[in-house]
Amino acid sequence: ASLIEELSAVDCVTGMCGDGANDCGALKAAHVGISLSEAEASIAAPFTSKIPNISCCVELLRQGRCALMTSIQCFKYMALYSLTEFFSVALLYLIDSNLADLQYLWIDMFHVLPLAIFMTRTHPNLDLDPRRPYKSLFSIPIFASIIGQIAIQIAFQMGVSAYLQAQPWFTPLIPDPNEKNQLCFENTTLFLFSSFQYIALAVAFNLTDEFRRSFLTNVLFVISVVALCVCDLVLLLVPWPA
C-alpha cells in the first residue's frame, strides 16, 4: 500500500491486482483495484475478476475505454440535439410560430429517447488500441466536433428555409393571435427536416472509433434508426389531411 501511495503522490495513475487479505490496503489505495478472488480482497477492490490472473486487466481497459467514449458521445448527442431543436424553434419564432406539443413529443419521446438509450449498447473493440480516450469533456477535439456539427446543422436548416421561401407556391404565415396552432409551410418543413437531423446526428457520433465496434453491430440501435427513418419518410411522403 505504501508503494501505491508513493506513486500516486507523484501523479502516477496506479493499478493493483491482488487475491489476499494482505492486498486490501493496496487495492483500496490504487486508482484501479482488481481482486482476483472473491475472498477478502473483493471487499476492498472496486472490481472483482472471475479470471484468477492479470489477463483481466486488458478486458477492464477495453470495457472502461468503451464506456468513457460512449459517455462522451452521448453528451455530444444530447448537446447537439438541444441546440438543433433550439435553432428550429428560433427560426419559427421569427415568424411568430412554434412547434406543437405533439411535435415536441414526437421528437423527444420517439427520436431522442430511443436513440440515446440504444447508442450506449455498442460493445468495445476486440483489440486494445494503444491510444487513450480524452480525459475530459472540456478538450479541444470534443468542442471542435460539437461546434462543427452545430455549424452544419444550422447551415442546413437555414438552407432548407431559404429553399422553401423561394418556391412559387410558398405562402408566408400571417399570424392570428386567436389561433393556438396555425398550419404553415415553415413549421412542417423544419419539423420534418429536423427529425432526420436527429437521426443523422446519432449515426454520425456512433459510426466507429478506436475504442468501440461499428454501430452496425449494435442491433437495437440499427433497428431504431431504420424504423425512425421509415416513420419520417411516411410523414414526409404520404399526403395527410390538413
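Analyst: What follows is a conversation about a predicted model, taken up helix by helix and then by loop.

User: Let's start with α6, then: how far apart are its end C-alpha atoms?

Analyst: The end C-alpha atoms of α6, which covers residues 140-165, are 37 Å apart, and this agrees with the 38 Å that its 26 residues should span at 1.5 Å a residue.

User: And which residues of α6 are buried?

Analyst: The buried residues of α6 are Ile 142, Ile 146, Gln 149, Gln 153, Gln 157, Val 160, Ser 161 and Leu 164. As background to that spacing, an α-helix has 3.6 residues a turn, so residues three or four places apart point the same way.

User: Which residues is Leu 190 in contact with?

Analyst: Once its neighbours within four places in sequence are left aside, Leu 190 is in contact with Ser 88, Leu 91, Leu 92, Gln 157 and Ser 161. Gln 157 and Ser 161 are among the buried residues of α6.

User: Switching to α4 and α5, at what angle do they pack?

Analyst: The angle between α4 and α5 (residues 101-118) is about 165 degrees, and their axes are 11 Å apart. The two helices are therefore roughly antiparallel to each other, since angles over 145 degrees count that way. Their crossing is right-handed.

User: Which residues make that contact?

Analyst: From α4 the contact is made by Cys 74, Tyr 77, Met 78, Tyr 81, Glu 85 and Val 89, while α5 contributes Tyr 104, Ile 107, Asp 108, His 111, Val 112, Leu 115 and Ala 116. By type, the residues of this contact divide into ten nonpolar, one polar and two charged.

User: What is Ser 224 in contact with?

Analyst: Leaving aside neighbours within four places in sequence, Ser 224 is in contact with Leu 115 and Phe 118. Leu 115 also takes part in the contact of α5 with α4. Ser 224 has its place in helix α8, residues 219-237, and counts as buried because its relative accessibility is 8%.

User: Now the loops. Which residues other than glycine have a positive phi?

Analyst: Asp 11 is one of them, with phi near 65 degrees, and Asp 96 is another, with a phi of about 60 degrees. Asp 11 is in the loop between α1 (2-9) and β1 (15-18), whereas Asp 96 is in the loop between α4 and α5. Asp 11 counts as exposed at 73% relative accessibility, and Asp 96 counts as exposed at 59%.

User: Last one, where does Ile 54 lie?

Analyst: Ile 54 lies in the loop between β3 (47-48) and α4, and at 59% relative accessibility Ile 54 counts as exposed. Its C-alpha atom is separated by 44 Å from that of Asp 108, which is 54 residues apart from Ile 54 along the chain.

Conventions
Residues are numbered from 1 along each chain as its sequence is written. This is a predicted model: local features need pLDDT of at least 70, side-chain atom pairs count only at pLDDT 80 or more; totals for chains, interfaces and linings use all residues. Side-chain values use heavy atoms; hydrogens and water are left out. Helices (H or I, at least four residues) and strands (E, at least two) are DSSP runs, numbered from the N terminus. The expected span of a helix is 1.5 Å times one less than its number of residues. Buried means under 20% relative accessible area, exposed over 50%, partly exposed in between (1.4 Å probe, protein chains only). Axes are lines fitted to C-alpha atoms, for helices over the stretch in contact, and angles run from 0 to 180 degrees between N-to-C directions. Angles under 35 degrees count as roughly parallel, over 145 as roughly antiparallel, 65 to 115 as roughly perpendicular and the rest as oblique. A crossing is left-handed if the near helix is turned anticlockwise from the far one by less than a right angle, and right-handed if clockwise. Contact means heavy atoms within 4.5 Å. Ala, Val, Leu, Ile, Met, Phe, Trp, Tyr, Cys and Pro count as nonpolar, Asp, Glu, Lys and Arg as charged, and the others, Gly among them, as polar.
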